[in-house]
Amino acid sequence: MIDTAPLHFTSEISAAHIATAVRFESRLRPRYFSLAHSGEPWFRLLRGSVPVLLTAPHATAAMRHGHWHGPDDGTGWLAYMLHRLAGASVLHTTRGSPSDPNYYDDNAFKAAVKHELAVRAPKIVLDVHGCHWSHPFDIDLGTMHGRSLLGQSEMLHRLRSALRAEGLSRLSDNRFPAARNATVTKWVADHGTPCVQLEVQSTWLHPQRDRNRAHRSARLLQGLSRYIKSFEP
Ligand SMILES: [Zn+2]
């Protein structure tokens with residue numbers, strides 16, 4: 001397959017965007033492990049203009065079998081910024097989750113995903129996660145070994161091209177297939193919408209640490225932003 005690299009590089013991401021991302025995460029961080037009081041929400045929906053839904057179910061920590069499963073820190077700002085910059089609709093957790101949305105189906109987060117699929121009919125759902133820096137890839141793309149694309153594999157090809165154009169070249173396939181457990185990807189595909197689970201290796205998700213990582217975050221943001229905007233009506 002021929003990859004079409006852009007001849008002219010244009011940048012849409014500024015230092016101010018990265019500063020906003022860092023600020024967003026610093027406000028979310030104190031709530032990673034704090035459960036909402038009963039009746040209070042533990043996630044939020046940001047509706048955008050582009051028919052792409054981004055989910056960040058591990059933007060905060062989540063309960064599994066009565067224990068905390070640590071947050072995929074950095075996925076909260078990523079989802080929020082892709083709403084602001086690209087117009088994606090976003091569902092992300094805002095407090096510690098009483099029921100891990102990527103492990104159980106019977107919770108309000110999954111119900112909200114289902115509602116969005118029915119009411120807004122996104123063309124694709126991107127379920128965003130973060131994983132340990134020791135993984136030798138930039139991003140792993142989980143598609144239940146292709147099944148969650150529901151035959152629309154061209155959407156995955158375009159996603160790969162958009163990421164490669166920003167230097168995220170080590171793209172792995174189905175190291176985390178999202179096929180076990182009651183994942184968001186499985187839930188979305190079962191409800192008739194294509195879905196890809198993105199496991200972003202953590203050195204791309206921590207712009208607050210140093211300039212190199214801030215730079216990586218800018219590239220990640222631009223790659224995903226351009227991909228999402230390609231769905232603009
Ligand atoms: Zn995760």
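Which strand does V128 lie in? Strand β6; more on that residue in point 4.

1. **Ground rules.** This is a predicted model, where local features need pLDDT of at least 70 and side-chain atom pairs count only at pLDDT 80 or more, while totals for chains, interfaces and linings use all residues. Residues are numbered from 1 along each chain as its sequence is written.

2. **Overall picture.** The secondary structure comes to 6 helices and 9 strands. Helices (H or I, at least four residues) and strands (E, at least two) are DSSP runs, numbered from the N terminus. For 233 residues, a compact globule would have a radius of gyration near 17 Å, and the protein has 16 Å, which agrees. That radius is taken over C-alpha atoms, and the globule rule is 2.2 Å times the number of residues to the power 0.38. Along the principal axes, the C-alpha atoms fill a box of roughly 55 × 40 × 35 Å. As for burial, 44% of the 233 residues count as buried. Here a residue is buried if 20 or more other C-beta atoms lie within 10 Å of its own, exposed if 12 or fewer, and partly exposed in between, with C-beta atoms placed from the backbone. Among contacts with a separation of 6 or more, 82% come from residues 24 or more positions apart. A contact here is two C-beta atoms, placed from the backbone, within 7 Å.

3. **Helix α2.** Just after the helix, G87 takes a positive phi of about 80°.

4. V128 counts as buried because it has 28 C-beta neighbours inside 10 Å. Leaving out residues up to four places away in sequence, V128 touches L54, T55, A56, T75, L78, A79, L198 and V200. A178 is 50 residues from V128 in sequence, and the two C-alpha atoms are 12 Å apart. The largest nonpolar core has 49 residues, of which L54, A79 and L82 touch the most other members. α2 gives the most to this core, with 7 residues. A nonpolar core means a set of buried Ala, Val, Leu, Ile, Met, Phe, Trp, Tyr and Cys residues joined through C-beta atoms within 7 Å. In soluble globular proteins, nonpolar side chains tend to be buried together.

5. **Strand β5.** This strand is covered on both faces: S89, L91 and T93 on one side, V90 and H92 on the other, are all buried. β5 runs antiparallel to β1 over 4 bridges, with H92 as the bridge partner of R44. β5 also runs parallel to β2 over 4 bridges, and there S89 is the bridge partner of L53. Strands count as paired if DSSP finds at least two bridges between them.

6. β7 pairs with β8 (residues 171-173) in the parallel sense over 3 bridges, where I139 has L171 as its partner. The chain gets from β7 to β8 through helix α4 (residues 153-165), and this β-α-β crossover is right-handed. Right-handed means that, with the strands pointing away from the viewer, the path from the first strand over the helix to the second runs clockwise. β7 also pairs with β9 (residues 195-201), in the antiparallel sense over 4 bridges, and L198 is the bridge partner of L141.

7. **G74, in a loop.** Is G74 buried or exposed? G74 sits in the loop between β4 (67-69) and α2, and with 26 other C-beta atoms within 10 Å, G74 is buried. Setting aside neighbours within four places in sequence, G74 is in contact with E25, G130, S202, L205 and H206. E12 and G74 are 62 residues apart in sequence and 20 Å apart in space, C-alpha to C-alpha.
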